[in-house]
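Visitor: I would like to learn how to read a model of this kind. Please take me through a few features.

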Amino acid sequence: MGQALDVHRFHFAFTITFHYLFPQLTMGLALLLVYLKTKALATGDEHYNRAARFWARIFGINFALGVVTGIPMEFQFGTNWAAFSKAAGGVIGQTLAMEGVFSFFLESSFLGLFLFGEKSLGRVGHWCSAFLVFLGSWLSGYFIVATDAWMQHPAGYRLRPGGEMELSSFWGLLLNKWALWQYAHNMLGAVQTGCFVMAAVGAFYLLTKRDENYGRTFVRTGVLVGTIAALLQLFPTGDVQGKMIAYNQPATLAAMEGLFESQQGAPLAILGQPDVEKRRLDNPLEVPNVLSFLTYREWRADVKGLSEFPETDWPDQIPLLYYSYHVMVGLGTIFIAVMVAAAILLWRGRLYLSRGMLWILMICVPLPYIANTAGWMTAELGRQPWLIYGLMRTAEGVSPRVAAGNAWFTLIGFMGMYAVLAVLWLFLIYREIRQGPEPGGNGRGDLAAATV
Amino acid sequence: METVWFCLVAIMIAVYVLLDGFDLGAGAIHLLAAKTDQERRQILASIGPVWDGNEVWLLAAGGTLYFAFPALYASGFSGFYLPLMMVLWLLILRGSSIEFRNHIQSAVWDPFWDFLFCGSSLLLAVFFGAALGNVVRGVPLDASGYFFEPLWTNFRLGEETGILDWYTILVGVLALLALVMHGGLWVQMKTSGEVSSRAGKLAGRSWWGVLALTATITGITFRVQPQVLANFSTRPWGLVFPLLAVGGLAGVVFELRKRSEPRAFLASCAYLTGMLTSVVFGVYPMVLPARNPLYSLTVTNAKAGNYGLKIGLVWWVLGMILAAGYFTLVYRSFAGKVAVDKDSHG
């Protein structure tokens, strides 16, 4: 493997991972903002409007960071992956251009109106602006997932004589079965980030005995929506994705599960460390037959291990892929447990007084970010060694003239810049949470109060 | 079909330059035209609700370029790797400074972001101009369809060119002056009091520089890129584009004297449109000229498949109608001069 290739891969991985910290929250919050605005409209209770205004400020900061870190993503297709862009641009250029034309214009136009136009738009008009921001951000998500889904499972294309791919079916690309399921799974992940963040801020207010009426609204909203999302994340969306991988990317499934040899009645590994050299899982903690059942709904079904495939078709980062997948599934299971337990307490009317549960909700806040990141790592590392599954290898897609030194230069630049942005982000979000949702509460708007 | 898409991408880029051009220009004069915090907030308020939407035209134009001419996107973006990445960094700094400046009022917070906003806007204008200069001059493409340009070599127009040579630097300076004029006229139109009159004066002063450099660079361009002169002599109807630019430039000074602020801004729009369309007309059918004409990328050898281009026309037109609707709504709700009250911080 060439050195430049590794730098280009890490360049994309680093910038996309940092970028996706922001859209996963804004896409999730966009839904919750529509929920809060709908409650305000339906009940006429100003409390929900104030709650929405608080979350709109958090949304605004995250949205701005999502925009500035998102622009480099579109550029990098051309700058770092020129050979891939030349070959596949005729197909995925469609979805990427549609994202610009249909979502970005919508989002950028109505976000300004949503954030600053509440007075002039009126109640219904402001609800509409919230809904259009939601629509824009969720459409954007679809076009991006459809692009990735095409790389995972190419559809609606044909090969040109020069080796490039061109579009042959617009709807084949847009309604790729893989895209629909991956989108559902991905958006549920974003909704869970939004719910956990909202519930955590609510729990913080309840535990510190401030803004408690808002705290209850935030915890209730986060837990109700979050429970539904956590369950749907596992079934049906996670389940179908697993099956699609089993049928279409069998070597990926084997690597995710750390299954080196084919087995009838394959076990599900809960823990264990894959040793690729010796082709085995060390210290395995396994549940017999479960992998066969989950994949084929038959306890004794035959699941193919990695040894069935030539090593050149194995994903090149098997341990990392294995851990990403296990972290994602493990955290997903924890989310179901936390959310369902909180929902039961809420139903019994004891959640707001249960300090233990509120503590758990508060400290869980980094976990959905980790789970979403691990999920995307599973998808992208699992696609290796292919850039477009079965059509183009990752090594063939890189820009032929951009040397490792130049890629390092810009990677280091992004690292420095993003470190500053991360500090800024934490600082500004901390300030908003400290100031709280009550208008005029807790010394809005001056640094002096924050530093004393 | 490919010529249609060539024109559509050109229109998108022109709209980007007209719209983001005024907020880049406003940024470039930010420190000069506005001195106090309240004045600076006037400039920021004059672009606040629209700058992000304006920048989307860059993304949408980039996406459309990718979809219609993938080979151009691949070759151009990887060849201009370093300057594009720097443009990205500047866009990140600039976006952050506009969005985060007004979160906190402090003697160390605002001036920091004001400086970043001004500096990044200024450099972006120069970079975009230099990029245009590179496209006109031609790049060292070879038979593989790729190239890589370092930031500079020896600043001469030889075979091994860098991004910066005396010609592209000159175009970069023209771009900065033109956007200072454009942004100055916008700020003059959208603000009131001292800021408005200082911005108007800056626009008037940069007008002379724009005039001088436009004349000089036009003369040089005919020698640097022979295709331009050839295109204008074989298809003389194309002269409407440079005429639009000249008319616009004359209009700016004429309307400034008459103190008609919106018309002066519109004249500046006409100048920028005329300049860009002249360049586009001048290099057609090339989309990226090579120093060795054999290897130039043209609308035919860089285009995507016909089916995709046809179906794209359907959704593109639909999307543009929607976008035009949003922009009308946003700009209408933002009509007139901005007002900044003393405590709009937070």
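Guide: We will go through a helix, an interface and a helix pair in this predicted model.

Visitor: What should the 27 residues of helix α1 of chain B span?

Guide: Count 1.5 Å a residue, and α1 (residues 2-28) of chain B should span 39 Å. Its end C-alpha atoms are 36 Å apart, which agrees.

Visitor: Where does α1(B) bend?

Guide: At Gly21(B), where α1(B) bends by about 35°.

Visitor: Now the interface. How is its size given?

Guide: Often as the accessible area lost when the parts come together. Here we can count residues in contact: 54 in chain A and 58 in chain B.

Visitor: Which elements of chain A each supply at least two residues of the side that touches chain B?

Guide: They are α2 (46-79), α3 (82-116), β2 (165-167) and α13 (404-435). The largest share, 22 residues, comes from α3(A). By class, that side of chain A has 27 nonpolar, 19 polar and 8 charged residues.

Visitor: At roughly what angle do the axes of α10 and α12 of chain A cross?

Guide: The axes of α10 (residues 318-348) and α12 (residues 367-383) of chain A cross at roughly 140° and come within 8 Å. The crossing of α10(A) with α12(A) is left-handed.

Visitor: Which residues meet there?

Guide: On the α10(A) side they include Leu320(A), Tyr325(A) and Met328(A), and on the α12(A) side they include Ile370(A), Ala374(A) and Leu381(A). The residues of this contact divide into 13 nonpolar, 5 polar and no charged.

Notes. Residues are numbered from 1 along each chain as its sequence is written. Chains are lettered from A and ligands numbered from 1 in the order in which they are written. This is a predicted model: local features need pLDDT of at least 70, side-chain atom pairs count only at pLDDT 80 or more; totals for chains, interfaces and linings use all residues. Helices (H or I, at least four residues) and strands (E, at least two) are DSSP runs, numbered from the N terminus. The expected span of a helix is 1.5 Å times one less than its number of residues. The bend at a residue is the angle between axes fitted to the seven residues ending there and the seven starting there. Two residues are in contact if their C-beta atoms, placed from the backbone, lie within 7 Å. Ala, Val, Leu, Ile, Met, Phe, Trp, Tyr, Cys and Pro count as nonpolar, Asp, Glu, Lys and Arg as charged, and the others, Gly among them, as polar. Axes are lines fitted to C-alpha atoms, for helices over the stretch in contact, and angles run from 0 to 180 degrees between N-to-C directions. A crossing is left-handed if the near helix is turned anticlockwise from the far one by less than a right angle, and right-handed if clockwise.
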